[in-house]
Amino acid sequence: MQGQFCTHMLQEYKEKEETARRSKQVAFILPATMNASGHGIPIVNIHSTRDGTVVTVREDGFVSLCSPELKPQKTKDMFNEGPANRKSKWVSDFTLMVEYNKLVIATGDREIQLYELSTLEPYCQINALNTIPLTVDYSYTGSDKCCVLYGDTEGCVTIILISSVGDTLRLWNKLPKIENIPTIAIDNAVLSLNVTFVRWKVHQDWVTQANYFPNFQAVVSSSNEESSSLVIGCILPLTDAEQQLNEIREACYEGKAKNIQLCWTPQVRASCDQTVFNIYKGVKTFDLCQKHSLLATGGMDRLIRLWNPHFTGKPTGVLKGHAAPIVFLCISSEESQIFSVSTDNTVKIWHIQDQCCLFTADPKESGIHGDISTCSYSPAMKCLYIAADCLAVLSLKLRPRLHSRLMASHNEPVMCCGFSEEFRQVVSCTEGSVVKVWDFDSGQQVFEFGGTHDLSSITCMTFDLKGRRLITGGTDGCLKIWNFNNGQCLKTLKKDGERHEVCDCLFLKVHRKSYVMSVGRARRIDIYLDIPEDSHHVQKPQPSWQDDMKNGHKDDILCVAQCPPSLLATSSYNGEIIVWNVISGRVQCRLVSPLPAQHQNAEALDTSVPSIIFLKNLQQLSLTTALLSSGAKGCVNLWNVLSEGKFVSTFKASKFQQKITKMAKTDKDTLLYAADRIGYIYVYSTEKFAPEQKSPRAENVWRAHTSTITGLQVVDNDQVLLTSSTDHTVRLWSAQGEFIGTFGQPESWNVHISSSWMHPGVPFEVLIDPLSMPDNEILNAITCHSDAMTPGRAEADRGEVKTL
């Protein structure tokens, strides 16, 4: 017993870990979206504006503005327009001054050029720099102040601080032009009171990246040499800051112009003014995050190192997985993720806290080929842009953001649900093979587990007779038996050879033996003997009934229903229903669904039977055993099973002529609940079924979901109704259709205290859905808008409707 308890607890904790992992799942939409207009010339950088416009600049000065989906908007060749004898230039890097609508380009001619971002017309430039700016960055520092900095081939970081930016740039814009652009030499620019110039000697090799981080008030730069691979340093010397401020105040007070001889000899920061990281093989790329107090570095050794930016000793984590040097890193603080790209065009997403890889996109999947020249991540658009042979964008798969008043139980369509009376728990299963366990009395989630059918969709479920074990069927053709309190798979039931999707399953007892029965696309009834004490994990089915092999269904079987002690019914896609004797395995009778008088052409009509249900003792019809089946155009057909399957009558159950997808009944067979494919539920009293063709009037009608209802169960002891739908929700209703709540909503409920219910409110998405509106063209019926809000309107008109 102790060993079993330990196994149970280990399995439970394992599934909780898996649940946490699933909640962090993230992926890119593959393959990437491409923009092939590259002409073989490398793109030096990629930036995004606030409205999502993507700006790229090639080495030859060709500027392109695209939509977030890479649809071209505007292009211009900056350097080849103008005088024919103009010498050729090349671009080393660029950035955006979004606050001033400017494009900043660093050139190989030792210039920093500014262009109007909206028109791409030249505005002004600073020339005569001492070195070539390899990497350039801009940051708005507040109150019309900014910082422009660049790293060069000598390992220096040059910082230009500008105050009164608007006025300063307008002044430079009025200066004499050189090659059609107003120009000021850096020696003259620094003479302005609004400009402060600092040049730091930081590295012994070329600067690979340099950025100013306002939150840290620090400049961070990197290089490929190990002794000073990455340095976090101040802008101005902290030790001389007070003296410099005093000099500036005096100059301003006396109205004197600055008279400073520009010195290109770089300064060396005091050790207290900088933090130096020594990293094997240097740093090619980095990012810094204030929220997580995290520095991430990557380079030639293929490792991503995570650091506390204030301590240089050892990294707090090392992320291994790339097989080539890392050329790009970005920390997404909101999602607690790191994006990384390596030279072999592999893109990875990492989780910061868990320090694990969440997703990998290799070149075959993404379609990104060629040498990567630059990358950029747009937090606003949740997109990663990569420039290689062509410009590509990888967009994150985003979970749908719900309106604040919308509520979902799952992140994907719910395919079935059920109630365990033993544990007073609700179980729901999804298209993505996730199973959630809910507390019936409060609506709160108790447990969840996933990957139950090797990630194939779960199509159906049932419980054993005691409600202690869960049986699920899936598109993989297997049945699985679960301990749903800890997610342990107790047994797998499957056939040898080719397996087809399971559409429905049933747990039944015949004499003293229990069986699990399944039907589906294989068009056969598979029967498995239930032997809980059997230690074999995989179990094969019993031999098929001879009648099933010779005279069974000719089309996919969609549904199975039992009528103890000996009757079983199965229905198929072609409209045929077969009633079986489970003891002998023989066909008792065949039922062929009648066609509506005005639709004798069966080819144009949906004759499938997705739901069947047995009823007992319909005294007004003198039927001891009857069968109800969903028919064409929203009808329900009634059969006398014991009289060779005689057809008794039909009635329109859905006033919108929508296929009835699920039916359920109360224990005493007095009420029938029918659900259609657009989410409406109809309640009929079986006592009002009449032998003539007259349709009974619905006792109650309401809209429970906005799409197909996939689960419907009456919980008689509590007088409530359980529903699930492909609209991602599982809901609970009173027997009269009052809305109790959606499983997973923040507010708990008490099934027996009506004041805790959502009633008289209704699900918000039902209220706003177009099909809930009375004047919708599709539902062109004389019906009342209050159907969705006041389910008690039993006398709602039963007008004819147009077919969907």
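A: **Salt bridges, pair by pair**

The count comes to 34 salt bridges, taking a side-chain nitrogen of Lys or Arg within 4 Å of a carboxyl oxygen of Asp or Glu. Keep in mind that the model is predicted.

Start with Lys-495 and Asp-526. Their side chains meet in a salt bridge, 3.4 Å from N to O. Lys-495 sits in the loop between strand 38 (488–493) and strand 39 (502–510), while Asp-526 belongs to strand 41 (residues 526–529), so the pair ties together parts 31 residues apart in sequence. How covered are the two ends? Lys-495 is partly exposed, at 22% relative accessibility. Asp-526 has a relative accessible area of 9%. The cut-off for buried is under 20%, so Asp-526 counts as buried.

The next pair is Lys-540 and Asp-496. Their closest N and O atoms are 2.7 Å apart. Lys-540 lies in the loop between strand 42 (538–539) and helix 6 (546–551). Lys-540 is partly exposed, at 38% relative accessible area. Asp-496 is exposed, at 59%.

Now take Asp-556 and Arg-521. They form a salt bridge with the closest N and O atoms 3.1 Å apart. The pair links distant parts of the chain, 35 residues apart. Asp-556 is in the loop between helix 6 and strand 43 (557–563), and Arg-521 is in the loop between strand 40 (513–520) and strand 41. Asp-556 counts as buried, at 16% relative accessibility. Arg-521 counts as partly exposed, at 31%.

This last pair does not stand alone. Glu-501, Arg-521, Arg-523, Asp-555 and Asp-556 are linked in a network of salt bridges.

Strand 33 pairs with strand 32 (residues 425–430) in the antiparallel sense, over five bridges. Val-435 is the bridge partner of Cys-429. Three residues separate strand 32 from strand 33 in their hairpin, and Ser-433 takes a positive phi near 70 degrees.

Strand 33 also pairs with strand 34 (residues 445–450), again antiparallel and over five bridges. Here Lys-436 stands opposite Glu-448. The hairpin of strand 33 and strand 34 has five residues between the strands, and Gly-443 in the turn has a positive phi of about 85 degrees.

Further along is an open sheet of four strands, in the order 55-56-57-58 with antiparallel pairing. Strand 55 (709–715) and strand 58 (739–742) stand at the edges with a single partner strand each, so one side of each has no neighbour in the sheet. On average, neighbouring strands here are turned by 15 degrees against each other, direction ignored. Strand 57 (residues 730–734) pairs with strand 58 over three bridges, and Leu-732 has Gly-741 as its bridge partner.

Definitions and conventions: Residues numbered from 1 in each chain as written. Predicted model: local features only at pLDDT ≥ 70, side-chain atom pairs only at ≥ 80, totals over all residues. Heavy atoms only, no water. Pairing = 2+ DSSP bridges. Helix = DSSP H or I, 4+ residues; strand = E, 2+ residues; numbered from the N terminus. Axes fitted to C-alpha atoms, helices over the stretch in contact; angles between N-to-C directions. Buried < 20%, exposed > 50% of the residue type's maximum accessible area, 1.4 Å probe, protein only.
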